[in-house]
Amino acid sequence: MLSAVTVSLVPEAQAGPFVFHGNLETSCARAQALGFDAVEVFPPGAESLDARELRRILDRTQLKLAAVGTGAGWLTRKLTLTSPDPAIRHQARQFIEAIVDLAGSFGAPAIIGSMQGRAEGQVSRDQALRWLGEALEQLGSRAHIHGVPLLLEPLNRYESNLLNTLDQTVEFLDPLLTRNVRILADLFHMNIEEASIPGAFASAGTWVGHVHFADSNRRAIGFGHTCVEPIVEALRMIGYRGYLSAEILPQPSGEEAAAQTIASFQRLGCAR
Ligand code: LER
Ligand code: MN
């Protein structure tokens, strides 16, 4: 498995679960110095991420791009794929599509987390899931052109009422025509929703495409009470070889959270 650390470039996400905030170049330099394989970037949008600059920084630091988040579309513009307003659903798709193309040009997947929205008001859960499915058919095919999957992240009940567990997400994805959507499994959400985290991984198997590596309290692994050894064992059992990406609170500081993540990674024998 490979290690990644999150870098947010979104000023409005200052309080969010991201290790490094603000400057891509210094964040990547820190990630490299600590020994991460990759960075996961959370940009304000595709247009504000300078691809040439990103390429230069990744080349210089020898880091890979693990994935690119789309959550700023929700955070800063309140776009979702399941809004009752068709114009907002359309803008949400365009916002994500641009990130699919940008990330895809680096061989990285885009993440759909909070952009999935929720069922509320006049929008039933069935209706929301139909709209989400239609969007995934299109965006999944778009990602396929780049030879990368599209990642869909089940969220805990306080953030969405659409898909909360891995099982529910497999059941939702399986009937779709696109075979190119994979699950982003976030250990923080799973700690709230799953009866057993290792059990959920064992049952989701090859649907798992990316992992957010966070302890029970969304701090670095080792700073909460999640028992991570059986989780890593389950990931090995299903043949998972993707990223364990630290989407965690920068506590007590980003630097210490990142160092703790790398220490856990090495202790668990996950390092290359
Ligand atoms: C995004 O990866 C995530 O986990 C969400 O909780 C962000 O709101
Ligand atoms: Mn997450």
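## Basis

In this predicted model, local features need pLDDT of at least 70 and side-chain atom pairs count only at pLDDT 80 or more, while totals for chains, interfaces and linings use all residues. Residues are numbered from 1 along each chain as its sequence is written, chains are lettered from A and ligands numbered from 1 in the order in which they are written, and side-chain values use heavy atoms, with hydrogens and water left out.

Ideal angles for six octahedral donors are 90 or 180 degrees.

His212, in strand E8 (residues 208-212), and Glu247, in the loop between strand E9 (243-246) and helix H10 (254-267), are 35 residues apart and link distant parts of the chain. Helices (H or I, at least four residues) and strands (E, at least two) are DSSP runs, numbered from the N terminus. His212 is buried, with a relative accessible area of 0%, and Glu247 is buried at 9%; buried means under 20% relative accessible area with a 1.4 Å probe, protein chains only.

## The nonpolar core

The largest nonpolar core has 93 residues, and Val39, Leu136 and Phe201 have the most contacts inside it. Such a core is a set of buried Ala, Val, Leu, Ile, Met, Phe, Trp, Tyr and Cys residues joined through side-chain atoms within 4.5 Å. Helix H5 (residues 125-145) gives the largest share of this core, 8 residues.

## The largest pocket

The largest pocket holds about 690 Å³ of space. On a 1 Å grid over the protein atoms alone, a pocket is an open set of points where a 1.4 Å probe fits, with protein on both sides within 12 Å along at least five of seven lines; lining residues have an atom within 4 Å of a point. The volume is the space filled by probe spheres set on the points, which are joined across faces, edges and corners. Of the 34 lining residues, Gly71, Trp74, Gly113, Ser114 and Glu159 are the closest to the centre of the pocket.

Gly71 lies in the loop between strand E4 (64-69) and H3 and is buried, with a relative accessible area of 10%.

Technical notes. Buried < 20%, exposed > 50% of the residue type's maximum accessible area, 1.4 Å probe, protein only.
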